[in-house]
Amino acid sequence: MTKQRNPPPKKEHEETTARDLTNTDTSKMSESESRITIIRILAGVENTLESLSAEIKEVKNSQNEIKNAITELQSRMDAAAARMDEAEQRISDIEDKLIENNEAEKQREIKAKEHDLRIREISDSLKRNNIRIIGVPEEEERETGIEGLCEQMIAENFPNLGKDTDIKIQEAQRTHIRFNKNRPSTRHIILKFTKYSGKERIMKAAREKKSLTYKGRQIRFAADLSTETWQARREWWDIFSVFNQKNMQPRILYPARLSFKIEGKMKGFPDKQKLKEFVTTKPALQEILRGT
Amino acid sequence: MTKQRNPPPKKEHEETTARDLTNTDTSKMSESESRITIIRILAGVENTLESLSAEIKEVKNSQNEIKNAITELQSRMDAAAARMDEAEQRISDIEDKLIENNEAEKQREIKAKEHDLRIREISDSLKRNNIRIIGVPEEEERETGIEGLCEQMIAENFPNLGKDTDIKIQEAQRTHIRFNKNRPSTRHIILKFTKYSGKERIMKAAREKKSLTYKGRQIRFAADLSTETWQARREWWDIFSVFNQKNMQPRILYPARLSFKIEGKMKGFPDKQKLKEFVTTKPALQEILRGT
Amino acid sequence: MTKQRNPPPKKEHEETTARDLTNTDTSKMSESESRITIIRILAGVENTLESLSAEIKEVKNSQNEIKNAITELQSRMDAAAARMDEAEQRISDIEDKLIENNEAEKQREIKAKEHDLRIREISDSLKRNNIRIIGVPEEEERETGIEGLCEQMIAENFPNLGKDTDIKIQEAQRTHIRFNKNRPSTRHIILKFTKYSGKERIMKAAREKKSLTYKGRQIRFAADLSTETWQARREWWDIFSVFNQKNMQPRILYPARLSFKIEGKMKGFPDKQKLKEFVTTKPALQEILRGT
């Protein structure tokens, strides 16, 4: 007889069960017949018990495997949690380091801006006694030398300053590079005075005269500034032109301050950031500067 | 008959079991009575078997669900482990990058300190031929010009240096800002000599004379230094005053070195760091500097 | 009777089972004997049922524990996944920050190089009117003063330049430190001209004359350059000497450009990087420079 996994339902159709007999009048059965029937039923019960027992054994084995699998999962989980702890600690350490670095970087940024400013200041101070003369044809200095040429230009344009002893030329040179490489142009002349006051007197006279000439040809006297200061001045251009249209008397002051008239007073700003802060308090100004 | 989960305990009180019968003298039972009893017991056994079988089936189903859950957990665990591997790799990469950055930042830090130093050197070198004159009332220069005023001061204080041809003034100017904005004070005069040697001769004479005057009023001749060098000198003040109290002859040397007498010899230090290193080898000095 | 975990195998050898009886001629048994046997077998079945039922109960309890363990594992897994999500987010944030920092650092690097360059330019420009005179014994200036000494040297070596009004000495000084601290050597003289053109005329004459003397002793006139420019020039030395051996007419141009003759033309390079880029296009040059 083969083991049967689900014996009760099967037996209902094949073999007489004790439950069948309880619904039967067994009094008609002979003692021997009933004995054989009972023994057969009992043998079936024994088989069923054996197979259930085997099934339970199997379930238990499976359960042991499951328990092992769970134990393994738990220890993997513990290991993963420990790795997570460690990883999170490393991440926190990195985050702390980044905050620290950030602080150091801010300091370096401030330091770099200081260096920017100091280099610009030094560079401008080296050019403080200079005037940049623009528009003098090359080769004009061949005969008189370049300093002689500059003296001629000063005499031609500012005859009254000839006797000013403060106005002493130290030296003059052509710049090395042309301002605009694509357009043929004369190189500028850098004219250095011995004294700042001498240079200032010439520049003041030049501003008052407005139109300067050399041998009848128009020339220009400009401040000699560091490239950094030129850059800073250039950044004011759009705002300058807006203020100019509005007759707000904008001026660029040394080294690169913008000043203009607002509410009847002249106000000066060293950079766009400072102007921006001021503008937030003046809606009318905000309106004027919209789009710059 | 309803299925009973725990049939044996229940039956003990309700129905006769085979185990009851083994403790009973069944010989008094009629064959028919015992047959009915046995069949009833057997039917009960069959019911119990059926319900146990159902329970086992249920347990097995549950076990399959559990196995599925475990398989799912295992694959989630595998996925988590793979994510952990990846996350740890990313963390390691970040840590490596930070070490690398750290190296680069150290280099930048060194570079920034070099720039500090070079800017200070350049700034000081631009002021090397200058003397800062403190205490001359504003407007004094109205008649003679500021350079004439300086010549008067030199003549008043150093009559013997009048014929020194090295002492040639290049130019002089008032500073742009007042030193202390809150206290009304006269602006300093920056007096620039053509030669370093001329300026040095005046400064030497000024140090020897100790008290200088202009029209009877006390004035002061000071070195003209970069703001960075002033800052560096200011950092010595507390230590300087301690050494002064201890008669250790402290002096500030150009640009911002502290020198003082220790163990019979003059020792000089360019900055606090270098002094600190020296101090660690001198317990007595450590004691003196405690608290600075 | 004690509960037996695996009753069927045991009974086979100890007690008569119903299955044994089915293989036996039970007709020889008396009704009473068979009744007792059947009851005993049934009692055994009841015991087995009871123990199976207990086992199933135990399995179910275990299964509940397992389910709880799985539920716990699942929620730990969920928590771990959530932690992973968070950790990965933090890692991503850090990576983004690093990329951002990297950008900022590149900008700072560029800024630092600009500062390098500007400091070098400024430092060189401050020395533009200077000549460094090497090899003049110390103390030679005691009688005439150092500027008088320089005038003597110019007169001795360049008698034709005596009347050049551009060549005006502003001042002269010994350097503060000796070039090589280990070898006793005379300190250099830094000779500053009022004009760049004056200094250039002297340097041109010095280059043409090749050998200069002071009181018959050989001296040298060199450009006065910033330490940064010296460093930049020094970096060309190995390449310079290779080009020199190959008669490629190498020259160091102001401030630190290397120029040399290649394919019949003079080519100039501001730094090694630019030369490297050029060399990659010239296999012959690559060959020459192998190993530098």
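Across the interface of chain C and chain B in this predicted model, 24 residue pairs are found in polar contact, both residues of each pair having a pLDDT of 80 or more. Helix H3 (31-126), strand E2 (169-174) and helix H6 (227-234) of chain C each supply at least two residues to the side of chain C that touches chain B. Within that side, H3(C) gives the most, with 46 residues. When the residues on the side of chain C that touches chain B are divided by class, 23 are nonpolar, 13 are polar and 18 are charged.

The extent of this interface can also be described by residues and by area. Chain C contributes 54 residues to the contact, and chain B contributes 59 residues. About 4900 Å² is buried between chain C and chain B, with carbon and sulfur atoms accounting for 61% of it. Charged side chains also meet here, as 12 salt bridges are found across the interface of chain C and chain B. One of them links C:Glu46 with B:Arg19, and the closest N and O atoms of this pair lie 3.4 Å apart.

Chain B also makes an interface with chain A. In this case 60 residues of chain A and 54 residues of chain B take part in the contact. The area buried between chain A and chain B is about 4900 Å², and carbon and sulfur atoms give 61% of that area. On the side of chain A, the residues that lose the most area to chain B are A:Arg83, A:Arg90 and A:Arg108, which together make up 14% of what that side buries.

Between chain A and chain B, 12 salt bridges are counted. A:Arg108 takes part in a salt bridge with B:Glu105, in which the closest N and O atoms are 3.8 Å apart.

Several helices of chain A build the side that touches chain B. Helix H1 (7-14), helix H2 (18-22), helix H3 (31-126) and helix H5 (196-209) of chain A each supply at least two residues to it. The largest share, 39 residues, comes from H3(A). By class, the side of chain A that touches chain B comprises 27 nonpolar, 17 polar and 16 charged residues.

Chain A also contains an open sheet, formed by 5 strands in the order E2-E3-E1-E5-E4 with antiparallel pairing. Strand E2 (169-174) and strand E4 (212-214) of chain A are the edge strands, each pairing on one side only. On average, neighbouring strands of this sheet are turned by 30 degrees against each other, direction ignored. Within the sheet, strand E1 (residues 130-134) and strand E5 (residues 217-223) of chain A pair in the antiparallel sense over 4 bridges. A:Ile131 has A:Ala223 of E5(A) as its bridge partner.

A hairpin is found in chain B. Strand E7 (residues 257-262) and strand E8 (residues 265-269) of chain B run antiparallel and are joined by 5 bridges. The bridge partner of B:Ile262 in E8(B) is B:Lys265. The hairpin of E7(B) and E8(B) has 2 residues between the strands, and B:Glu263 takes a positive phi near 50 degrees in this hairpin.

Definitions and conventions: Residues numbered from 1 in each chain as written. Chains lettered and ligands numbered in written order. Predicted model: local features only at pLDDT ≥ 70, side-chain atom pairs only at ≥ 80, totals over all residues. Heavy atoms only, no water. Contact = heavy atoms within 4.5 Å. Buried area = accessible area lost by both parts, 1.4 Å probe. Salt bridge = Lys/Arg side-chain N within 4 Å of Asp/Glu carboxyl O. Nonpolar A, V, L, I, M, F, W, Y, C, P; charged D, E, K, R; others polar. Pairing = 2+ DSSP bridges. Axes fitted to C-alpha atoms, helices over the stretch in contact; angles between N-to-C directions. Polar contact = N/O pair within 3.5 Å; in protein donor to acceptor, adjacent residues only side chain to side chain.
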